[in-house]
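The sequence and the model come before the discussion.

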Amino acid sequence: MRGPTPTPAAPSVRLARLLALTPLLATPVATPTSARAQAALDTAAIERVLRQEMRATRSPGVAIAVVRRGRVVYQKGFGVASVETGEPVTATTLFRIGSTTKMVTGLTAALLAHEGKLRLDAPLASYARGLSSSLGRLTLDQLLTHRAGMINEASGAGPHDDAALATRVRGWGREHVFGPANDVYSYSGPGYWLAGYAIEQAGGAFYADIVRAKVLAPLGMTRSTFRPLEAMTWPLAQDHRVRDTTATVLRPFTDDVTTWASGSLFSSASELARLTIAIMNGGRVDGAQALPDAAVALMTQPRAPIPGGEGCRYAYGLSACVRGGVRTLSHYGFRVGSGSVVTMAPDSQAAVIVLANRNGGILAGTAAAVMAQLVGEAGADVRARPDSAAPRAVGSAERFVGAYANGPDTLHVLARSGGLAYRYGADESPARLDGADAIVVLDAKGAVVQRFMLVAGTATRQPYLHDGLNAFARVGRPVAPRAAPEPPARPATP
């Protein structure tokens, strides 16, 4: 069914979105048993799961790297970088990693704050020029934790000139804000685009150049880049679209410089392993202090409660969770032709990186199988469960009825004889209560396809319909559908 954000429940994109909810923590927790920490990595078992998932998802190529006790213990490529050339994938092949890029943006902002070049809690207008009043009052802390009340929208094709980012965000106004800041967690790609502009303004250079100088170069990530014309000079996995059972190279290559800060870094499993080692080890890699420990701690501190996630909070570009005594830091990313999963367990210095070159390529099963070996089943648990620290849910069927909006996306929950209905655009589906604080949307066979919670804003107490990723503010009672179908909304891309 059409909708802005499927509930993270089953494999594919719905399960993949949960990887953003499977990550870090603040309080000390138990580390894995010594027996598990010392046990040999069963690479044969990992490869069986990986190859099965490759076949199931029709992914042309995959790269994986595993970090254990702070060092890379396994890295390998599978399949091809292009179905046309047959070039093999290796651990050093570059992939576009999608929203996993956000951890790099968050780390860069934390480094600039550590250097005194910006204050994360200061209004953007105090150092970033040309913003509307609606955006100038926001802070980087709010943007980086998805608490700025900004809308979500997809990235796509656009300009390639670095200066285009400033031009774009300076033209935004109230239409990019759907609710007050600090009221509710709601994932926003545009929020990170705006954060990229703030980084430019504070750092005195273009976003991509600042990230290279502050993060990539110090960590020895020499091939990682935002620039397609640079990425293509290295072995590069081509983006693919899979339809039915056929994978084809995606043409033309989709790029937009204004969206780089949200999800457009090119990197490899090998180089992302260096990033995870530095994050888990207080900025140290190869025995040297590559980044300030204080900046890494600032970036990884759990901050914004994520509705629907058990004990999960969003840090700066990372989800932070604890489950079964295992503390994890994680993010996933997907684009129209690629996908990535990065999960870390800092207390045991363990991590897994899985990259794929197909649309929405999230190999969640492979990542979970690796983490189960490294830290146990609790570290591989990606099920969403209520977070007691999240905004308190409000219930009853009648209270769900209404119209809810996040930018161009408007959802309707309607009262129908015998129950509820959910409408998105011209499509209407049956819905029912799922306990007192949530509803589920059903397909024609009665199977659950989406789940929404009704949560109250932290400051305003106004109701939001929330799918665990995006919040939709109540804007009124539902209205009759238009005579002609509404144009399909652009999908929200993490």
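A crossing of two helices is called left-handed if the near helix is turned anticlockwise from the far one by less than a right angle, and right-handed if it is turned clockwise. The model is predicted, so local features need pLDDT of at least 70 and side-chain atom pairs count only at pLDDT 80 or more, while totals for chains, interfaces and linings use all residues. Residues are numbered from 1 along each chain as its sequence is written, and side-chain values use heavy atoms, with hydrogens and water left out.

**Overall make-up**

The protein has 16 helices and 22 strands. Helices (H or I, at least four residues) and strands (E, at least two) are DSSP runs, numbered from the N terminus. Of the 494 residues in the protein, 59% are buried. Buried stands for under 20% relative accessible area, exposed for over 50%, and partly exposed for values in between (1.4 Å probe, protein chains only). Among contacts (heavy atoms within 4.5 Å) with a separation of 6 or more, 68% are between residues 24 or more positions apart.

**Packing of α4 and α8**

Two packed helices are described by the angle between their axes and the distance between the axes. Axes are lines fitted to C-alpha atoms, for helices over the stretch in contact, and angles run from 0 to 180 degrees between N-to-C directions. Helix α4 (residues 102–114) packs against α8 at an angle of about 30°, and the axes are 10 Å apart. The crossing of α4 and α8 is left-handed. On the α4 side the contact is made by Lys102, Thr105, Thr108, Ala109 and Leu112, and on the α8 side by Tyr192, Ile199, Ala202 and Gly203. By class, this contact has 5 nonpolar, 3 polar and 1 charged residues. In this count Ala, Val, Leu, Ile, Met, Phe, Trp, Tyr, Cys and Pro are nonpolar, Asp, Glu, Lys and Arg are charged, and the others, Gly among them, are polar.

Lys102 and Tyr192 also form a charge–ring arrangement: the charged end of Lys102 sits over the ring of Tyr192, 5.4 Å from its centre. The criterion is that NZ of Lys or CZ of Arg is within 6 Å of the ring centre and within 35 degrees of the ring normal.

**Aromatic pairs**

A search of the whole structure finds 8 aromatic pairs. The ring centres of Trp172 and Trp193 are 6.2 Å apart and their planes are at 40°, so this pair is tilted. Trp172 lies in the loop between α7 (164–170) and α8 (189–203), and Trp193 lies in helix α8, so the pair ties together parts that are 21 residues apart in sequence. Rings of Phe, Tyr and Trp (its six-membered ring) pair if their centres lie within 6.5 Å; planes under 30 degrees apart count as stacked, over 60 as edge-to-face and the rest as tilted. Trp172 is buried at 7% relative accessibility, and Trp193 is buried at 1%. Elsewhere, ring pairs link Tyr207, Phe226 and Trp260 into a cluster.

**Residues brought together across the chain**

The table lists C-alpha separations for three residue pairs.

| Pair | Separation in sequence | C-alpha distance |
|---|---|---|
| Thr225 and Leu265 | 40 residues | 5.9 Å |
| Val66 and Ala273 | 207 residues | 7.4 Å |
| Ala39 and Leu374 | 335 residues | 8.9 Å |

Thr225 lies in the loop between α9 (207–216) and α10 (228–231) and is buried, with a relative accessible area of 1%. Leaving aside neighbours within four places in sequence, Thr225 contacts Arg212, Glu230, Ala231, Ser264, Leu265 and Phe266.

Val66 belongs to strand β1 (residues 61–68) and is buried at 0% relative accessible area. Residues up to four places away in sequence not counted, Val66 touches several residues, including Leu41, Tyr74, Val352 and Leu374.

Ala39 is placed in the loop between α2 (34–38) and α3 (43–57). Ala39 is partly exposed, with a relative accessible area of 34%.

**Backbone details in loops**

Arg251 and Pro252 are joined by a cis peptide bond, with omega about -5°. Pro252 lies in the loop between β5 (246–249) and α11 (260–263).

Asn182 has a phi near 65°, a positive value in a residue other than glycine. Asn182 is in the loop between α7 and α8 and is partly exposed at 36% relative accessible area. For Arg461, phi is likewise near 65°. Arg461 lies in the loop between β20 (448–456) and β21 (463–466), and its relative accessibility of 47% counts as partly exposed.
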